[in-house]
Amino acid sequence: MPVEVTWWGHATCTVEDSHIRVLTDPLFTRRLAHLRRRRGALPPPDARRADVALVSHLHADHLHVPSLARLAPGTRLLVPRGARRAVPGLRRLRHLRVSEVAPGDVTAVGDLVVRAVSARHDGRRLPFGPHRSPALGYVVEGEARTYFAGDTGLFDEMEKEVGPVDVALLPVGGWGPFLGEGHLDAGRAAEALARLEPGSAVPVHYGTYWPIGMDAVRPHEFHAPGDDFVRLAALRAPGVAVHRLAHGESVRPEVTR
């Protein structure tokens, strides 16, 4: 099989393709500010092993400097344009090969090509400062084409900009009881599947972190998005094979091309 996907929780995945390990939005902590990891063990040390790590945007649950600091020396790190100015902690990660990218930029990593694409999401480093960086998604092209959406809402150009893909890693929830603009819930993620028509999909960004002290506030929003996405995807995109993974579980989606 040409590609293997492992979901470690939240938006953190390992994608292995063409003998290259790609790590998305690394987050290796039990607690982040007001958030606590409520489901799934912390990823094991092997999860930090990657040839390239992709950061979708500057929010602290996606660009987590202490987690990035644990990556091995020499690891390539792609971050949105302007990230080093907006997040001074990135400048201390001198053991990593950091590159800033914007939509349309292409980076070769071994036999893979990583293409940055647009996302519809607030890309600021909240709650600080006026600096802005674009929120991104990424398409990893090797033996398969894998789309990591990061955090995004639906947008009209999504199908055209992302292009044909074999596997889609789509956010289907969040870390709090309410999702604002610039997010996909299970229903909007199913609509994204209908537009993109990948062969396979893996729901991410749900059921991992939850605000401390809010266990009883809309628990459905924490527990149910994965199952809701499976159900709605079957209705709106019946040709897509959806793999709802447990934390730390892997899948090798079938790629027919």
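1. A charge is said to sit over a ring if NZ of Lys or CZ of Arg is within 6 Å of the ring centre and within 35 degrees of the ring normal. Arg38 does this with Phe222: its charged end lies 5.1 Å from the ring's centre. You can find another case at Arg120, whose charged end sits over the ring of Phe155, 4.3 Å from the centre.

2. A quick word on what you're looking at. This is a predicted model, where local features need pLDDT of at least 70 and side-chain atom pairs count only at pLDDT 80 or more, while totals for chains, interfaces and linings use all residues. Residues are numbered from 1 along each chain as its sequence is written, and side-chain values use heavy atoms, with hydrogens and water left out.

3. Rings of Phe, Tyr and Trp (its six-membered ring) pair if their centres lie within 6.5 Å; planes under 30 degrees apart count as stacked, over 60 as edge-to-face and the rest as tilted. The structure holds two such aromatic pairs. In one, the rings of Trp7 and Tyr206 have centres 5.3 Å apart and planes at 10°, so they are stacked. Trp7 belongs to strand β1 and Tyr206 to the loop between β14 and β15, 199 residues apart. (Helices, H or I with at least four residues, and strands, E with at least two, are DSSP runs numbered from the N terminus.) Both of these residues are buried, meaning under 20% relative accessible area; exposed is over 50%, and partly exposed is in between (1.4 Å probe, protein chains only).

4. The other pair is Trp210 with Phe222: their planes are at 65° and their centres 5.3 Å apart, so this one is edge-to-face. Trp210 is in strand β15 and Phe222 in helix α5, twelve residues apart. Trp210 is buried, at 1% relative accessible area, and Phe222 is buried at 1% too.

5. Have a look at Arg244, in the loop between β16 and β17. With a relative accessible area of 41%, Arg244 is partly exposed. Its contacts (heavy atoms within 4.5 Å) beyond four places in sequence include Tyr206 and Asp227. The side chains of Arg244 and Asp227 make a polar contact at 2.9 Å; that term means a pair of N or O atoms within 3.5 Å, where, within protein, one must be able to donate a hydrogen and the other to accept it, and residues adjacent in sequence count only if both atoms are side-chain atoms.
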